[in-house]
Amino acid sequence: MATVESVRGPVELSDLGQTLMHEHVFVLSTEHVQNYGSDWWDEEARVADAIAKLNSMHAKGISTIVDPTVWGLGRYIPRIQRIAAQTPVNIIVATGLYVYEEMPQQYAYRGPGTLIDIPEPMVTDFSRDITEGIAGTGVKAAFLKCCMETPELSPGVERIARAVARTHVATGAPITVHTSGPHQSGRTAVRIFGEEGVDLTKVMIGHAGDSNDLDYLTELAVAGVLLGMDRFGLDLFNPGAERVKTIAMMAAQGYAGSMVLSHDASCFIDYFGAAHDEARAAAAPNWHYEHITDDVLPALLASGVTQAQIDTMMIENPVRYFTRKAS
Ligand SMILES: [Zn+2]
């Protein structure tokens, strides 16, 4: 039977169950925490809080989260392993690089045509995370992540995207790309990944659901990619009622097989520092792991989306995304 790698090891695809396709456990810059976090970061309390939040979500029927926290968002697998050992939730982790503009210096001088002229070191690093495991933990990444915040990419961001694409071609691991709904940069992903020979059915266009432009969303779905309707609770970017309406219209046109649902939430994100809990409660009270089960699924059903279409988006599409083609 086919499996996918999780923090606790391989999981049968048929056991993934209801899956949230884009959630973070923590978004946390190590350098930020080490220098300025002493008044707001409590490792033990935050680990316990994450376990409690995941277990509460699990009690409502979600069995798996897909966590695209890579370098740039604070990936630290030993902490996630502690949490995964104390929750039944499957946590699937990623490799790649989260950068909007500038290539990290740690890759800028290494690679084809640079000072240290070696094969693309990102492909080497990402591939090792997928095939051998991440940083000696034995935990394998199951998918790739990169960013296309704007339609025109900086040279560094394009190099990252092409390294992600080449790692996909070499390993078969699927890709999640952060895009901008307002800038419709999912088109850039389709173009660049197409040029690199990526199987577009293995690409999830993150944050497509920030857009309500049905022409844009349909164009992407026809190209074969999965649409990440993945920021429920972030009403600042697109109100929840609009997100629901857009999904209902896309489903009515036959595109349930092209959409997945998620919140892009986290148990802690260090963007708000000491004001984390208050800032989040004030700005985005529904931005948590249980908003979809509590509020969004009932709203979708009330909008004419069928339970079978919900199962397609929550269970079948994630399985298809993680199913490797026989080679
Ligand atoms: Zn995210």
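In which handedness of crossing does α2 pass α3? The crossing is right-handed, meaning that the near helix is turned clockwise from the far one by less than a right angle.

Some background. This is a predicted model, where local features need pLDDT of at least 70, side-chain atom pairs count only at pLDDT 80 or more, and totals for chains, interfaces and linings use all residues. Residues are numbered from 1 along each chain as its sequence is written, and side-chain values use heavy atoms, without hydrogens and water.

Now the helix pair. Helix α2 covers residues 43–59 and helix α3 residues 77–84; helices here are DSSP runs of H or I, at least four residues, numbered from the N terminus. Their axes are 9 Å apart, at an angle of about 50°, with each axis fitted to C-alpha atoms over the stretch in contact and angles running from 0 to 180 degrees between N-to-C directions.

On the α2 side, the contact (heavy atoms within 4.5 Å) uses Glu43, Glu44, Val47, Ala50, Ile51 and Leu54. Arg79, Arg82 and Ile83 supply the α3 side. Five of these residues are nonpolar, none polar and four charged; Ala, Val, Leu, Ile, Met, Phe, Trp, Tyr, Cys and Pro count as nonpolar, Asp, Glu, Lys and Arg as charged, the others as polar.

Last, the inside. There is one cavity of 30 Å³ or more, a cavity being a set of points on a 1 Å grid where a 1.4 Å probe fits but cannot get out.

Note on methods
Helix = DSSP H or I, 4+ residues; strand = E, 2+ residues; numbered from the N terminus. 1 Å grid on protein atoms, 1.4 Å probe; cavity = no way out; pocket = protein on both sides within 12 Å on 5 of 7 lines; lining within 4 Å. Points joined across faces, edges and corners; volume = space filled by probe spheres on them.
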